[in-house]
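Me: Please show me the structure first, and then let us work through it with questions and careful answers.

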Amino acid sequence: MSEIFVYVEHFQGIVSDITYMCLAQAQQIAKSNGGNVVAVLLGHNIELLSKDLFADEIITVSHDSLAEFTYDPFAAVLAKIIQDKQPGLMIFGDTSIGSDLAGGLSARLHLPLVSFCKEIKAEEGKLRFVAQICGGKIFAEGDLKECTSLVTLSPGKFKAKDGKTTTTPKVSAYSLPAFEKSRITLKEIILPSGEDLDISKEEILIGIGRGIENEDNVSLAKELADALGGELCASRPVIDQGWLSTSRLVGKSGKTIKPKLYLALGISGAPEHVESIEESEMIIAVNTDPEAPIFNIARYGTTENLLDISKELIRSIQKVKGG
Amino acid sequence: MPHRPDFWGIEPEWMRYFIYGILTLALLVMLIRTFYQARLWWKVGQPEKRFDQPFKRIGRMLNQVFVQQRILSQPYAGIMHALMAWSFFILFLGTPIGIVNAYVFPGFLKGQIFLIFKLIMDLCVIVFLIGAGMAAYRRIVIRPKKLTLERRFGFTLVLLTLIILTGPSIEGARLAVLSIEENITYGSWMPVGWAIAQLFLNSGSTVDTVHLWHTIFYYSHVGLVITLFLTLPVGTMIHVITTPLNVFFSKLQPMGQLSAVQEDSAHNLILADRLKNLTWKQLMDGDACTECGRCQEVCPAYAVGLELNPKKLVLNIRDALHRDGALIIQGTEPSIPLVGGTVTTNVLWECTTCGACIKECPAFVDHISDIVSMRRHLVNEGEVDDMLQTSLANLGRYGNSFGKSGRMRAGWAKELEFEIKDATKEPVEYLWFVGDYASFSPTLTETTIKTAKVLRSAGVDFGILYDTERNAGNDVRRVGEEGLFEVLVEQNSKALQKADFKAIVTTDPHTYNTLKNEYPEEVINGRPILHYSELLDQLIASGKLKFNKKLDLKVTYHDPCYLARYNGVYDAPRRVIHATGCELIEMPRNREHGFCCGAGGGRIYLDEGTMPERPSENRIREGVTLKDVSTFVVACPKDISMFQDAVKTTSLEDKLNVKDLIELVYEAL
Amino acid sequence: MKIVIPIQLVPDRVEEIVINKEKDGFDLEEIAWILNEFDDHAVEQGIILKEKTGVEVVVVAAGGEKSDEALFTAAAKGADRLIRVNVDFSTEKVNNHALAKIFQTIIMEEKPDLILTGVSNHNGFDGAIGALLAEYLGMPYIGYISGVDIEGMSALVLKDYPGGIKAKMEVALPAVLGISSSEKPPRYVPISKVRQAMKTGSVQEKDGDIDLAGGLIIDRMYEPEVSGRAEILSGSLKDIADRIAEIVKSQGLI
């Protein structure tokens, strides 16, 4: 089996989790079908980034024109590498960078591409793609072709920890190929300000309900939200107490949310609330009542006291983040 | 023999012609000024047909002008107004009768007839003064919040009172002179004039002095009347012309029927984005408004501290017309826009179209027609909030505001142990139009299931339209999306025409209203439209629906606006409540005066925003004031939703239990 | 200046997504089709640019008359011209590679300065139309755009990254941009305006070919099994907390 390439996505000196998930996927294929896993790392001053990538080889291209992502130089470098090395697979994370690159390279190099990819399965020496389309409602499968296939992998199936290693692999530098002047220039990176919160656009939300009991506990929930990098929202009773502003109301006369993660603390799951959170990708519910309807819609749940679990969870998350 | 002397003591003789002349002139000035003001209605406004059924219109006008039915529905202000209006009107007739006496049938006012005439006139003076006293007390001491407390109203009151007082003063002075010169015996027939005469006599004034006073009173009277004529078109008294006109031209269609969007000759929609795109009748409303504030007093939006004040809405439009009307006629666009200037968009969206203002208005102003006209403009410009946009998009695509697939509409029926007939496939007696909320809202489907069970147990032959039913469009129309309303009507009409039924029964009063008042006749074919409370009432009366239990609850009942105020269904739900054995205790605001839950007119589709108190909470707080009442009965799915929320937010869940009428019936079976 | 906006219809996820008898694709007849949400944003962004700078906006759809409603809605919002490429989707399993080639032909005829399209479509398993199209046309591409301004012969755009981070980029025109959200949410178009557009507007019809060479073929399509109730986590408080943290992490969120 030929090599499996993984594009390493990083931002401000940190490798994105999705890259480790892609590596975990690559490792799984390598294990069953053979072949080397090669991480492709583009950037500037990126020596430290390669330390825990679970790959047999790391190809690095370091140049100041690659310091921040812009399409033209990155696509040019990757096109050259793919043409040179002819890997069997090149896996990108399904992100705003990965999908730009994978789509462009597919058209430029006339290579097949799988997006919304849940996993690449190795079956009897053949590789099959499983794409999770229509917002997860439909799975589509098919055979990969013999040529280099490009993949953008969605998170979910693979764990980031399975894409990390402690042994530093072989690093080989690849020289920057010649490319025409970039038609795109990066002007500025804008970090979020935290004001003008629109919960319908948040990716991580912690919802608090009647079970939160008093205002002091709201600040604990806030701490948990900070730890997760998310925002607080609430059901009607909490908003009416004035503990959170109306802009954070979920449900009837409030907002409909569709975060990647919704952690429901002390929310029983009244129908109008459930209706407004249905589109969340992952719901985890904390409620002491095992019969609470929120458990009908949540993927995971616990009946532990929400204060205890919140405190413990803050610790766990900090640990996970730190490690 | 007593008789009516003409121009007694007014010398020289040409003076009387001068007075006739100057009064005629003043009257002409008044008419010209009034016309000048009124011409703005049709010069600025759009055409609208309001001349049909003239006799019905005249009847309505006479009833409101002379009987003053609407005005009298408020005791203090009503009696106050009627006392002044009736007496002033009769006193006003005194002058033409005098002219008839002088020139047409010379001297017919003599002897007993003259004395009775004078007695009536003097009594009217007393009646007027009582009314004026009440008005002054109200304006100075009571000072109700709803009233415009401005000098121009005080001016009118003083002016009228002086006109009324100078009349008998002239008479008094004349009687005093006559008493000195000859002995008169009929003085007590003119009690006010006679009393004034006694003042002169007791003061020992000479004939010359009294004559002088008579002359002063006389010219003052004439002067005051001239003042009244000259100021009438720009003062508060204009209402004696505009208000009856407005009543004459008021809407004859059912209250629950809105007019369609008008098109110009090039088939462009005329939308109320500017003053000149309101109709002349909508502009007339402002000049007919007497600023009594009764609309303000009953408005749920105003009551909970929102920006909308129906009185201000109408007056702001009036003031804009007076300010910019002349410019608009010249073809200049005024600097202040109508929507977003004269009327803010907040005001437009805050209205629940509950209709309390319309029902209350003694001048028959139609506030809601203005609001819906302007909302239509906003919707046309896409100026709708996110929630409303989502709701409308859902209604357009899926036929319901919930954004659920139409196939799920009868999802609730799966939980029944029997199958409901598909009215598009087999004939039924009653076609049950379930409506969006009862079909899709997870909190309400349980009630819907109970409704089905009750109908079944009463042996009613009924069916539903399943996935061919769409939102009926009542609130869509009121929110201003007329095009979508038309689409929904077309879709529902198609389904209804496919079905074979004898009557329609609806769950939602809003559905009820639009089916009853706004759906095309060729679809409904004169078949009865019933609200489920009416059907239950009929079933109980005919003995088909029998109860095994007596519920022995003390309950109160909330009138849904679109059932009660809009369509006059007050008694059917009350009879059903009685039949279940419950004791009904009325809230202070009941029947026609019921207080809106806040969800109507498409408000349920909008972002509620923040307000000091929600109308539903205000209503719940009214409900809990009733002694021993444990249950708050409603007959509208949106009411359940609104009030169940309100008892939670007011923490009154323990005190008041919100229940649908059908739940009482179900429990009593 | 001219903007072309290629749009496509996608299965409406509110309705049932029906799979064909062969279980290898959608049942095209049974599915309710709706304008791709991101394309809706692309149209809105185009109209916003038209309002700002007076550019000409041309909206292009491929397939049958099903897309006319979306086209006329765009016209009601202010699009200047509508084009429909008549290709028969029922005989071939069209993917985004093939669709991008159809749009490529039209765009080469139209010679626009800017192409806006939705950043992705939920049924597209072979990449984003915009990225493919850009390379076919030899133009630069930026996806995940939440704001566009035109300045001379370049566009200033905001590209979204996870966590609310944005990058401001300048791109030389002509270029293709994949829109994830327009500056302002797509406006509401009243039904009367859409009806008016249908009455007075027209759709320019063109022929096109389906070229499936570039993409992959789906040979099995199915609905995932859904678990009815939450998995209740067990163990000590710490175990549960660790497990939750792990789940969150596995979603790529921390």
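**How the chains meet and how they are built**

Me: How many residues of chain B are in contact with chain C, and which helix of chain B gives the most to that side?
Reply: Two residues are in contact if their C-beta atoms, placed from the backbone, lie within 7 Å, and by this rule 18 residues of chain B touch eleven residues of chain C. The elements giving two or more residues to this side of chain B are helix 16 (367-380), helix 17 (386-398) and helix 21 (482-498), where helices (H or I, at least four residues) and strands (E, at least two) are DSSP runs numbered from the N terminus. The greatest contribution, five residues, is made by helix 17 of chain B.

Me: How do the residues on the side of chain B that touches chain C divide by type?
Reply: In this classification Ala, Val, Leu, Ile, Met, Phe, Trp, Tyr, Cys and Pro count as nonpolar, Asp, Glu, Lys and Arg as charged, and the others, Gly among them, as polar. On that basis, the side of chain B that touches chain C divides into seven nonpolar, seven polar and four charged residues.

Me: What kind of model is this, and what are its ipTM and pTM?
Reply: It is a predicted model, in which local features need pLDDT of at least 70 and side-chain atom pairs count only at pLDDT 80 or more, while totals for chains, interfaces and linings use all residues. Residues are numbered from 1 along each chain as its sequence is written, and chains are lettered from A and ligands numbered from 1 in the order in which they are written. The model scores ipTM 0.88 and pTM 0.87.

Me: What percentage of the residues in chain C is buried?
Reply: Chain C contains six helices and 13 strands, and its C-alpha trace spans about 65 × 45 × 40 Å along its principal axes. A residue is buried if 20 or more other C-beta atoms lie within 10 Å of its own, exposed if 12 or fewer, and partly exposed in between, with C-beta atoms placed from the backbone. Of the 254 residues in chain C, the buried share is 54%.

Me: What percentage of the residues in chain B is buried?
Reply: Chain B has 28 helices and eleven strands, and along its principal axes its C-alpha trace spans about 100 × 60 × 45 Å. Among its contacts between residues at least 6 apart in sequence, 81% join residues at least 24 apart. The buried share of its 669 residues is 46%.

Me: Why is helix 26 of chain B described as largely enclosed, and what covers its buried residues?
Reply: Helix 26 (residues 615-624) of chain B is largely enclosed by the rest of the structure because seven of its ten residues are buried. Among these buried residues are Pro615(B), Arg619(B), Ile620(B) and Gly623(B). What covers them includes helix 12 (300-303), strand 8 (554-557), strand 10 (631-634) and helix 27 (637-649) of chain B.

Me: How far apart are the centres of domain 2 and domain 4 of chain B?
Reply: Domain bounds come from an automatic or database domain assignment, which places domain 2 of chain B at 259-380 and domain 4 of chain B at 541-668. Taken over C-alpha atoms, the centres of these two domains are separated by 31 Å.

Me: Which residue of strand 7 of chain B stands opposite Thr506(B)?
Reply: Two strands pair if DSSP finds at least two bridges between them. Strand 6 of chain B pairs in the parallel sense with strand 4 (residues 430-433) over four bridges, and Phe433(B) stands opposite Thr506(B) there. Strand 6 of chain B also pairs in the parallel sense with strand 7 (residues 529-531) over three bridges. In strand 7 of chain B, the residue opposite Thr506(B) is His531(B).
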